[in-house]
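Trainee: I am new to this structure. Can you show me how to read it, feature by feature?

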Amino acid sequence: MSSNATIPNFIAGNWVRSAAADALPISDPATGECLGHTPLSGRAEVDAAVQAAVRAFPGWRATPAVERARVLFHLKALLEQHQDDLARSLTREHGKVLAESHGEIQRGIENVEHACGIPSLMMGDTLEDIARGIDCETVRQPLGVFAVITPYNFPVMIPLWFWPYAVATGNTVVVKPSEQDPLTHQRIVDLATEAGLPPGVLNVVHGSRDAVTAILEHPDIKGVSFVGSSQTARLVYATAAESGKRVQALGGAKNHMIVLPDADLDATTDAVVSSVYGSTGQRCLAGSVILGVGEAYRPIKERLLERAAALRLGHGLDHGVDMGPVISAKHRERVTRFIGQGEREGAALLLDGRSARVPRYPEGHWVGPTVLEHVTPDMPVGREEIFGPVAGLARAASLDQALDLVHRNQYGNAISLFTTSGRAAREFRYRAGISMIGINLGVVAPMAFFPFGGSRGSFYGDLKAQGRDAIAFYTDQRVIISRW
Ligand code: NAD
């Protein structure tokens, strides 16, 4: 695609040019090279996509579950066949290193794989003789058109958290990808068509705020799956619910990692470093505050510093690179502002990534690994989501005190404990009060057959992404009671 090209929407099985007057550039965050433009589609285009999905629904719903599953089996095979190309494309538009892109695509494929089980996953229950001669059964039925709205940080995996389940259960879908890196997903839409997904079952409309507003207010959309910052998640939840839609809205995070004195320090350091700096900190599961309990504080601080300082920054496609750029100049500015503010408010800056540069790529949005010490829950750097390669260190006297510090935070996505004590681990999982709990693990990422999502300010809704929740979210249980 030429760098001036504006990417098309996908409506009723055709790639169509958006009528939008405005478009945003998509660029390689390591080089600044323009890769294309995202059109800022509006209400009319959203409506065209929804109408295509409405028309496709009756035929797709009537397609036997086993045939719908076959399309997904075919899609899984195509994704595997094209995984290398998809991973390179993902690294170019997002910046993450190639191994991380492969990991992301693999996680996406696993959701397609899980959705292939739909003939069993979608089964209902029956009970004879709920009263004399009366039988009762439940069936799960699709609802119609769902919308899927996704963020920039996993532009392949997160759409695949949702639409494979929505179409597997017999619904039709309109996807609104992130405007910052929508290119690799375009290729996946082509693969879905090649796999046999009929026209109108999956539609894509590009844009940002206006397209989202049009989706949330559209009367023919039955439900919305959303992932993004908490601020947008709250807005999406309230607006979509106002018009009677089902909503699952996954938001931002501030994840804490607690290290007890009896932890295996080598394994803990590996886990902490990869959690904080993997994907340049742009993960909702990234560790952000490390709470060293008692004597654990000093050794974990020293090891973290040594390892963080040795991480190599560069283009994600180049050999030997540990960490890519952040997504944009604007985001770089935001992350560096947090670091400066932390220092001004009394945190000690032990490792400063603000002046990091990669000489071969002077236009890249670089932020080096950063470590701040004496971070408190009241400082923005200790309280808010930074979404960059920044570790905040704090000391706690006990597991109790560490949990108190955690619970002062508004978010509740993931939390980790590092220990060799079963008793402490049991106490921790009982009292953590946060949805995704890691014990001796830094990135608490549930696989496709388990639910993914947080609590408190990190999640609005009740049914989460993936797992059995996905089947429940995209279907209604109908109860049939009969007497003959
Ligand atoms: P974002 O909220 O800026 O954008 C997400 C989506 O919402 C995009 O499609 C965007 O076009 C749209 N959008 C943005 N502002 C809007 C507005 N005012 N009105 C309507 N729509 C709007 O998020 P992002 O920067 O793309 O992604 C990063 C965020 O996503 C982080 O906060 C991260 O923690 C979160 N995230 C959460 C999870 C999770 O599982 N909880 C997973 C991945 C990312």
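Mentor: We will take helices, sheets, and then single residues in turn. This is a predicted model, in which local features need pLDDT of at least 70, side-chain atom pairs count only at pLDDT 80 or more, and totals for chains, interfaces and linings use all residues. Residues are numbered from 1 along each chain as its sequence is written, and side-chain values use heavy atoms, with hydrogens and water left out.

Trainee: At what angle do helix 2 and helix 6 pack?

Mentor: Two packed helices are described by the angle between their axes and the distance between the axes. Helices (H or I, at least four residues) and strands (E, at least two) are DSSP runs, numbered from the N terminus. Axes are lines fitted to C-alpha atoms, for helices over the stretch in contact, and angles run from 0 to 180 degrees between N-to-C directions. Here, helix 2 (residues 65-81) meets helix 6 (residues 157-168) at about 150 degrees, and the axes are 9 Å apart. The two helices are therefore roughly antiparallel. Angles under 35 degrees count as roughly parallel, over 145 as roughly antiparallel, 65 to 115 as roughly perpendicular and the rest as oblique.

Trainee: Which residues make the contact?

Mentor: Contact means heavy atoms within 4.5 Å. Helix 2 brings Arg68, Leu72, Leu75 and Leu79, while helix 6 brings Leu160, Trp163, Pro164, Val167 and Ala168. By type, the contact has 8 nonpolar residues, no polar ones and 1 charged. In this scheme Ala, Val, Leu, Ile, Met, Phe, Trp, Tyr, Cys and Pro are nonpolar, Asp, Glu, Lys and Arg are charged, and the others, Gly among them, are polar.

Trainee: How many residues has helix 4, and what covers its buried residues?

Mentor: Helix 4 (residues 98-115) has 18 residues. From first C-alpha to last it reaches 26 Å, close to the 26 Å expected at 1.5 Å a residue. The expected span is 1.5 Å times one less than the number of residues. Buried means under 20% relative accessible area, exposed over 50%, partly exposed in between (1.4 Å probe, protein chains only). Among the buried residues of helix 4 are Ile105, Ile109 and Val112. Their cover includes helix 2, helix 3 (83-94), helix 5 (118-121), helix 6 and helix 16 (467-473).

Trainee: Now the sheets. In what order do the 7 strands of the open sheet lie?

Mentor: Strands of a sheet pair through backbone hydrogen bonds, either parallel or antiparallel. Two strands pair if DSSP finds at least two bridges between them. The order is 14-15-16-13-12-18-19, with mixed pairing. Strand 14 (348-351) and strand 19 (436-439) are at the edges with a single partner strand each, so one side of each has no neighbour in the sheet. From one strand to the next, the twist averages 20 degrees. Strand 14 and strand 15 (residues 370-373) are antiparallel over 3 bridges. There, leucine 349 stands opposite leucine 372 of strand 15.

Trainee: Which strands does helix 12 lie across?

Mentor: Helix 12 (residues 329-344) lies across strand 14, strand 15 and strand 16, at about 25 degrees to strand 15.

Trainee: What is the strand order in the sheet of 3 strands?

Mentor: The order is 5-6-22, an open sheet with antiparallel pairing. Strand 5 pairs with strand 6 (residues 134-142) over 3 bridges. Threonine 126 has glutamate 137 of strand 6 as its bridge partner.

Trainee: Which way do the side chains of strand 7 point?

Mentor: In a regular strand the side chains alternate between the two faces of the sheet. In strand 7 (residues 145-149), 5 of 5 residues are buried. Val145, Ala147 and Ile149 point one way, Phe146 and Val148 the other. Strand 7 pairs with strand 8 (residues 172-176) in the parallel sense over 5 bridges.

Trainee: Last, single residues. Is threonine 280 buried or exposed?

Mentor: Threonine 280 is buried, at 2% relative accessible area. It sits in the loop between helix 10 (265-277) and strand 13. By contrast, alanine 12 is partly exposed, at 26%. Alanine 12 has a positive phi of about 55 degrees although it is not a glycine.
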